[in-house]
Amino acid sequence: MPWSPAPSPYDRLLREQRTVFLRGPLDDAAAGELVAQLVELDEAAPDAPVSLCVHSPGGPFEAFAAVHDTMRHLSPEVGTVCAGRAEGTAALLLAAGTPGRRVVLPGSSVVLREPAAEGLRGRAADLEARVRHLERTRRRVVELLAGYCGRTPERVAADLGRGRYLEAAEAVGYGLADRVAERGALRPEPGA
């Protein structure tokens, strides 16, 4: 009998619990994997809810947008769970979950911060174009967070500008999640 590795607990949770995981930076590879898993779950059972469990420092807006846009266009509701940390664009994914299905674990933290400008080098015209793109991205992040959290764009912009660190209950109060999970109630079920 040929050797085969033990099945990953993540594979089992994907198949049996319809749960996908963002664990680590939200980069292009992580976004591609999440998009593929979400689409697969949508095709397998479009009426059954899906959960996205987040433990991430976030990453580039473009990687976030791939996952976010996929979540928003799926048939199933997508509940979100913060397990550990959700920073930057990962916090935005937490907030983008289906209202009533956004959960944060008690020891988790959520950090709001504006998109980072990475790798700004080159000719002046190229830098100007990158700065304009970064400003558009920042406006989009503010618009999305304000909508998901029920905050004014001005308040969100101020919080992003200085970086805002929130404990679990504060994240609920801010509108990033709907409830702090209680023992035995991890799944993002409405009203649970």
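What share of the 192 residues of the protein chain count as buried? The figure is 41%, where buried means under 20% relative accessible area, exposed means over 50%, and partly exposed lies in between, using a 1.4 Å probe and protein chains only.

Before going on, a word on the source. This is a predicted model, in which local features need pLDDT of at least 70 and side-chain atom pairs count only at pLDDT 80 or more, while totals for chains, interfaces and linings use all residues. Residues are numbered from 1 along each chain as its sequence is written, and side-chain values use heavy atoms, with hydrogens and water left out.

Now the overall layout. The protein chain has seven helices and seven strands; helices (H or I, at least four residues) and strands (E, at least two) are DSSP runs, numbered from the N terminus. In sequence order the pattern is α-β-α-β-α-β-α-β-β-α-α-β-α-β. Among contacts in the protein chain with a separation of 6 or more, 70% come from residues 24 or more positions apart, a contact being heavy atoms within 4.5 Å.

I will start with strand 2, residues 50-56. Six of its seven residues are buried, so strand 2 is largely enclosed by the rest of the structure. Strand 2 runs parallel to strand 1, residues 19-23, and five bridges join them; two strands pair if DSSP finds at least two bridges between them. Thr19 stands opposite Ser51 in strand 2, and Arg23 stands opposite His55.

On to strand 3, residues 78-87. Strand 2 and strand 3 also pair in the parallel sense, over six bridges. Here Leu52 stands opposite Thr80 in strand 3.

How are these strands linked? Strand 1, helix 2 (residues 28-44) and strand 2 make a right-handed β-α-β unit. Right-handed means that, with the strands pointing away from the viewer, the path from the first strand over the helix to the second runs clockwise. From strand 2 the chain crosses through helix 3, residues 61-73, to strand 3, and this β-α-β crossover is right-handed.

Next, helix packing. Helix 3 and helix 5 (residues 124-149) pack at about 40° with their axes 12 Å apart. Axes are lines fitted to C-alpha atoms, for helices over the stretch in contact, and angles run from 0 to 180 degrees between N-to-C directions. The crossing of helix 3 and helix 5 is left-handed, meaning the near helix is turned anticlockwise from the far one by less than a right angle; clockwise would be right-handed. Residues making the contact include Phe61, Phe64 and Arg72 of helix 3 and His133, Val141 and Tyr148 of helix 5.

Arg72 is partly exposed, with a relative accessible area of 45%. Leaving aside residues up to four places away in sequence, Arg72 touches Ala96 and Tyr148. Its C-alpha atom is separated by 8.7 Å from that of Gly97, 25 residues apart along the chain.

Last, helix 5 and helix 6, residues 153-162. Their axes come within 9 Å and cross at roughly 120°. That makes helix 5 oblique to helix 6, since angles under 35 degrees count as roughly parallel, over 145 as roughly antiparallel, 65 to 115 as roughly perpendicular and the rest as oblique. The crossing of helix 5 and helix 6 is right-handed. Among the residues that meet are Arg138 and Leu145 in helix 5, and Pro153 and Leu160 in helix 6.
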